[in-house]
Amino acid sequence: MKLYQKIVFNQIKSNERVLDLGCGSGLLLDKLRTEKGCEGYGIEKNFDEVIIAIKRGIPIFQGDIIEGLKQFESKSFDVAILSQTLQQVISPVEVLKEMCRVSNRVIITFPNFGYWKVRMNLLFKGLSPKTKQLPYEWYDTPNIRVITINDFRRLCYQHQIRILKEIPLVKNKFQRVFFPLRLTNFFTEKGIFILKKDEC
Amino acid sequence: MTYSVFNFENPEKLVLDCGETLPKIEVAYNTYGELNHDQSNVILICHPLTGDSEALNWWPKIVGPGLAIDTNHYFVVCSNALGGCNGTTGPASINPKTGQPYGLDFPVITISDMVKVQRALIASLGINKIKMVIGGSMGGMMALEWVSQAPDQIDSCVPIASTTKVSPLVIAFDAVGRNTILEQLKLDQGSSGLALARQLGHITYLSEDALEKKFSRKLQVSEKYTYSMSPEFQVESYLNYQGKKFVDRFNYFSYLYLTKAVSYFDLNQAYGSVEQALSQSSAKFLVLAIRSDWLYTASQSKALAYELMKLNKHVAYVEIDSDYGHDTFLIDSEETRDAIKSFLESL
């Protein structure tokens, strides 16, 4: 598992019911089930990934995230996860709201366009940013939404979504302990947020 | 592989949905592979409309030694449905009361009746638990009916290109097929009616893309149009051929009764709602849809998956991307095979 996946994994408690949007081949859900006794459900578009997830015994819906989300009853999950996909969805606000509806907690991870390397790209090269995290050209990128950590905080505030926790993804272990949150938008490649929407 | 015929004990105790009973019910069935000691390897295959008990014949890429439904590991049972014409009692069978074939005197049957008969067969084999019940099209309806009738017996259920309630589109096509047969019957030409009904049916099992790929506008014999009423286009000859071929292996009375049974299928009507029909089940589901199927559309399979998701059932919903339309699960089977294989491995 990649570092951000491990972080997500650690945020989930034993025996929770987990919805993983864009779950790929169901690796995370599989680990959560075997190691934490969680019950999971996945949504994924790609047929080949879906087939592997099925082999792993993961219940899964092949199709669109928003379409799948709408089928679940309110609060039918403890946690809903959207990993590295928010930047690719057409209606991120709707997805976010639906996630908050079907689940108690929401975990979102996304590549941070506020990361200093991305900024340097634009500042010095004058080119649309291309980094290890965001390796695409502007014309073939699936990442149709440009999100920074500050943008995301603001979106949550606007929609009365509470940020329970924000985890800076920094590779250096020492830095991870002493990292001031106000610097994350500049220094981290990915945003990892744990959210909750209180009932109105 | 063994072929056997099961004789229903006390058939008069089975009151059909129409209220009538049959004096005699025979069920033709095939088994493949060996039943293991704890009976945990039973797979029941329900055939589509014009299939029969010979699953290895009509589903050769899916069922067999080393295949997705591996007959080296599983004990596979496949029976000819009630109303069929390949060994199981149907309208072409002899009515013991008259010594003549039933024909239109055969009582109208339903998918539910078919499953009741199949349940008696399974019980007669001493089997209590079915690891997987699987079927495409009409077979998928039977699989869903099984889960509804005997929720405790089914560990997993795989409906392919099927539905919880047959759409008016399907009812319409089947009605035209039946009308064709019924009209021809008046002229004592049931078989030619059946050939025409099959031609119509066959179109609905394909797709625009499949027809385009297979035939385009190609002509069969000459290079130029003959400007006559004789069949010129390849697609015409193909349909004629399919119609004729079908008559040799199928009975027109069975076609009438089986399509009618399909038209009646609606879990809402039978159980109050799909939810009530399926809620008792603890089975795992694999719902397989075919994108190019315009007869039993993917959206109908999806609706079934949604119901199961709402009921918190273990369900996997998969869409097969193929050009071949409804018949995909029978012909272009690679993705069907992969999905079934993975699902079985997870059980």
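Reader: How many helices and strands does chain A have in this model?
Author: Chain A has nine helices and seven strands. Bear in mind that the model is predicted.

Reader: What is the radius of gyration of chain A, and what would a compact globule have?
Author: The value for chain A is 17 Å. A compact globule of 200 residues would have a radius of gyration near 16 Å, so the two agree.

Reader: And what box do the C-alpha atoms fill?
Author: Along the principal axes, the C-alpha atoms of chain A take up a box of roughly 50 × 35 × 35 Å.

Reader: How much of chain A is buried?
Author: The buried share is 40% of its 200 residues. As for contacts in chain A between residues at least 6 apart in sequence, 62% of them join residues at least 24 apart.

Reader: Give me one residue to look at. Where is A:Leu86?
Author: A:Leu86 sits in the loop between β4 (77-83) and α5 (92-102) of chain A.

Reader: Is A:Leu86 buried or exposed there?
Author: Buried. A:Leu86 has 24 other C-beta atoms within 10 Å, and 20 or more is what counts as buried.

Reader: What is A:Leu86 in contact with, leaving aside its neighbours in sequence?
Author: Beyond four places in sequence, the contacts of A:Leu86 are A:Pro92, A:Ile108, A:Phe110, A:Arg145 and A:Ile147. A:Ile147 is 61 residues away from A:Leu86 in sequence, but their C-alpha atoms are 8.7 Å apart in space.

Reader: Changing topic. Which residues have the most contacts inside the largest nonpolar core?
Author: They are B:Val76, B:Val133, B:Ala143, B:Val158 and B:Leu288, in a core of 151 residues. Helix α8 (residues 252-264) of chain B gives the largest share of this core, with eight residues.

Reader: What does B:Val158 touch?
Author: Residues up to four places away in sequence aside, B:Val158 touches B:Met132, B:Ile134, B:Ala143, B:Leu286, B:Leu288, B:Ile340 and B:Phe343.

Reader: Now the helices of chain B. How do α4 and α5 cross?
Author: Helix α4 (residues 168-186) and helix α5 (residues 190-205) of chain B cross at roughly 165°, and their axes come within 7 Å. That angle makes α4(B) roughly antiparallel to α5(B).

Reader: Left-handed or right-handed?
Author: The crossing of α4(B) and α5(B) is right-handed.

Reader: Which residues meet between them?
Author: From α4(B), they include B:Phe173, B:Val176 and B:Leu185. Among those in α5(B) are B:Leu194, B:Leu196 and B:Leu200.

Reader: What about the contact of chain A with chain B; how many residues does each chain put in?
Author: Chain A puts in 14 residues and chain B puts in 18 residues. On the chain A side, α3 (47-55) and β3 (60-62) each supply at least two residues. The largest share of that side, five residues, comes from α3(A).

Reader: Last topic, backbone angles. What is phi of A:Asn15?
Author: A:Asn15 is not a glycine, yet its phi is positive, about 60°. Most residues other than glycine have a negative phi. A:Asn15 lies in the loop between α1 (3-10) and β1 (17-21) of chain A.

Reader: Is A:Asn15 buried or exposed?
Author: A:Asn15 counts as exposed, because it has 11 C-beta neighbours inside 10 Å.

Reader: And what is phi of B:Gln39?
Author: Phi of B:Gln39 is near 55°, which is also a positive value in a residue other than glycine. B:Gln39 is in the loop between β2 (26-32) and β3 (42-46) of chain B. With 15 other C-beta atoms within 10 Å, B:Gln39 is partly exposed.

Terms used. Residues are numbered from 1 along each chain as its sequence is written. Chains are lettered from A and ligands numbered from 1 in the order in which they are written. This is a predicted model: local features need pLDDT of at least 70, side-chain atom pairs count only at pLDDT 80 or more; totals for chains, interfaces and linings use all residues. Helices (H or I, at least four residues) and strands (E, at least two) are DSSP runs, numbered from the N terminus. The radius of gyration is taken over C-alpha atoms; the globule rule is 2.2 Å times the number of residues to the power 0.38. A residue is buried if 20 or more other C-beta atoms lie within 10 Å of its own, exposed if 12 or fewer, and partly exposed in between; C-beta atoms are placed from the backbone. Two residues are in contact if their C-beta atoms, placed from the backbone, lie within 7 Å. A nonpolar core is a set of buried Ala, Val, Leu, Ile, Met, Phe, Trp, Tyr and Cys residues joined through C-beta atoms within 7 Å. Axes are lines fitted to C-alpha atoms, for helices over the stretch in contact, and angles run from 0 to 180 degrees between N-to-C directions. Angles under 35 degrees count as roughly parallel, over 145 as roughly antiparallel, 65 to 115 as roughly perpendicular and the rest as oblique. A crossing is left-handed if the near helix is turned anticlockwise from the far one by less than a right angle, and right-handed if clockwise.
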